[in-house]
Amino acid sequence: MKLKLRIWRQADADAKGRMVAYELDEVSEDASFLEMLDVLNERLISEGEDPVAFDHDCREGICGACSLVIDGQPHGPQAATTTCQLHMRKFRDGDSIDIEPWRAGAFPVIKDLVVDRSAFDRIIQAGGYISAPTGTAPDAHAVPIPKQDADAAFSAAACIGCGACVAACPNGSGMLFMGAKVAHLGLTPQGQPERATRVLGMVAAHDEAGFGGCTNTGECAAACPKEIGLDVIGRLNRDFRKAAARAA
Amino acid sequence: MSTDLQPRTAATAAKRAQAARKPWRSNIGLKIAMAVSGVLMVLFIIVHMAGNLHIFEGREEMNAYAAGLRSFGEPLLPHESLLWVLRIGLIASIAVHIWTGIVLSARAHHARPVKYAHRHKNRGESRNAYLNMRFGGIVIFLFVIWHLLDLTWRTVNPVKDVHDAYGAVVAAFDPSRWPVTVFYLLALTALGIHLRHGIWSAVQTIAGPDTKWRKRTQAIALAVAVIIVAGFAIVPLSVTFGLVS
């Protein structure tokens, strides 16, 4: 299949970027989206040009490294799918495809399609952990957890921290990411000791990084490749309100 | 090239660090203040809408209701004490609602400094709410100013007698003043859209319901918005079409 691509090219963090057009012939419809970009990059390298920089790692949809806003949608048009798991058969011969980086003040572009997502790491450092005694691992069934809670915690734990929620949010907010972590850790007994300090710390780190607030438009949940829902934002709000009332 | 996220200036970094120490100044803290002030105004607006329906009982009943609001609690309470409680509560709610709206909108603007070249249609649960709330809010605010000039202070209303609420309403929506009625109905539409999102969004911010209750809240918000819009719209429409005169 033939494709017309428009890709955001930006030499470095301080450079002014722009959309650059490329044409690709003979793209296999069995190729993944990233493999299609690999083909483009091989051609660019052979022509002596700078290849397009983009993030990727496991290429099996679980690491959260790949990003790319494809035709205005983080991770592209297919629901519940990361960019690496998106295949070219989802597109048609002759299609024009626009590829941009995540856009958020807290995720500055490093080069081309690669953004700095360390703001998420700072949110995790501020509260995305539990205190555990050292020693041998306890038996898995030593602390009983209701099935419903375990399932909800596991659904929230499916978050791979890719940042598609921030990229989709018109306010550049990281609330879905934070909510997923607060739900994942706060639904289990192991996460209770830090429950209040976790939410206050994470929210402070989130705001300090320059993420915006939540207007409950739901763009984040629609873009999430792991289908995390707005209920985690509700839980985040609730935990925050209780913790802030106690801290005041 | 540095991969560290550098705050724009030392001043904004210091400001952010300061804000982080005060949880109620955070995005969620401001959103809770916005939600609580919004809920107070929704409660007021329901009472206001129900009170308006006295117009269908005729001039005397309507004006008696208006007078009753002023003399509520007399002689135990001073004249207009209920009205002043409502006025102070409303002014405080409006101030908090608008202030948090401006601060959060400004932060959201900084959080997305570069727009996407390819704009895709929104697909969220409450799509375009961020635009509807901000621009609809401005329309509602302008309407409230007009509304006070027209039916409270009577600056632009031909009926100057404060005690003749019935006459002022009939004069306000006279067929010859049709642009006023059209503006009123447009502002009501903006209010309905604002409430349909605002009510469930406030519940999400304050109470944080699970998925099942979020869906129920959204349905309740839509129902309340429709009832409020219908309850307010029926008065000017009845006057314009001669059912009340």
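In E5(A), which residue is the bridge partner of A:Ile7?

Guide: The partner of A:Ile7 in E5(A) is A:Ile99. The model is predicted, with local features requiring pLDDT of at least 70 and side-chain atom pairs counting only at pLDDT 80 or more, while totals for chains, interfaces and linings use all residues. Residues are numbered from 1 along each chain as its sequence is written, and chains are lettered from A and ligands numbered from 1 in the order in which they are written.

Strands (E, at least two residues) and helices (H or I, at least four) are DSSP runs numbered from the N terminus, and two strands pair if DSSP finds at least two bridges between them. E5(A) also has an antiparallel partner, E3(A), with two bridges between them; here A:Val69 stands opposite A:Glu100 in E5(A). Strand E3 (residues 69-70) of chain A pairs in turn with E4(A), in the antiparallel sense and over two bridges. Within that pairing, A:Ile70 has A:Gln73 of E4(A) as its bridge partner.

Together these strands form an open sheet of five in chain A, ordered E2-E1-E5-E3-E4 with mixed pairing.

E5(A) leads on to chain B. The contact between the chains takes 52 residues from chain A and 48 residues from chain B, two residues being in contact if their C-beta atoms, placed from the backbone, lie within 7 Å. On the chain A side, strand E5 (96-100), helix H2 (118-125), helix H6 (195-208), helix H7 (219-223) and H8 are the elements that each give two or more residues. H8(A) supplies the largest share of that side, ten residues.

H8(A) also figures in the packing of H8(B). The buried residues of H8(B) pack against helix H8 (231-247) of chain A, and within chain B against helix H2 (27-52), helix H6 (165-172) and helix H7 (178-206). Among these buried residues are B:Arg214, B:Gln218, B:Ile228, B:Phe232 and B:Pro236, a residue being buried if 20 or more other C-beta atoms, placed from the backbone, lie within 10 Å of its own, exposed if 12 or fewer, and partly exposed in between. Helix H8 (residues 211-240) of chain B has 30 residues and spans 44 Å between its first and last C-alpha atoms, close to the 44 Å expected at 1.5 Å a residue. B:Gly242, with a positive phi near 80°, follows H8(B).

H2 of chain B is likewise the packing partner for the buried residues of H4(B), including B:Ser93, B:His97, B:Leu104 and B:Arg107. Helix H4 (residues 81-111) of chain B has 31 residues and reaches 45 Å from first C-alpha to last, close to the 45 Å expected at 1.5 Å a residue.

Chain B as a whole has eight helices and zero strands. Its C-alpha atoms fill a box of roughly 75 × 45 × 40 Å along the principal axes, and buried residues make up 28% of its 245 residues. Of the contacts in chain B with a separation of 6 or more, 67% are between residues 24 or more positions apart.

How values were computed. The expected span of a helix is 1.5 Å times one less than its number of residues.
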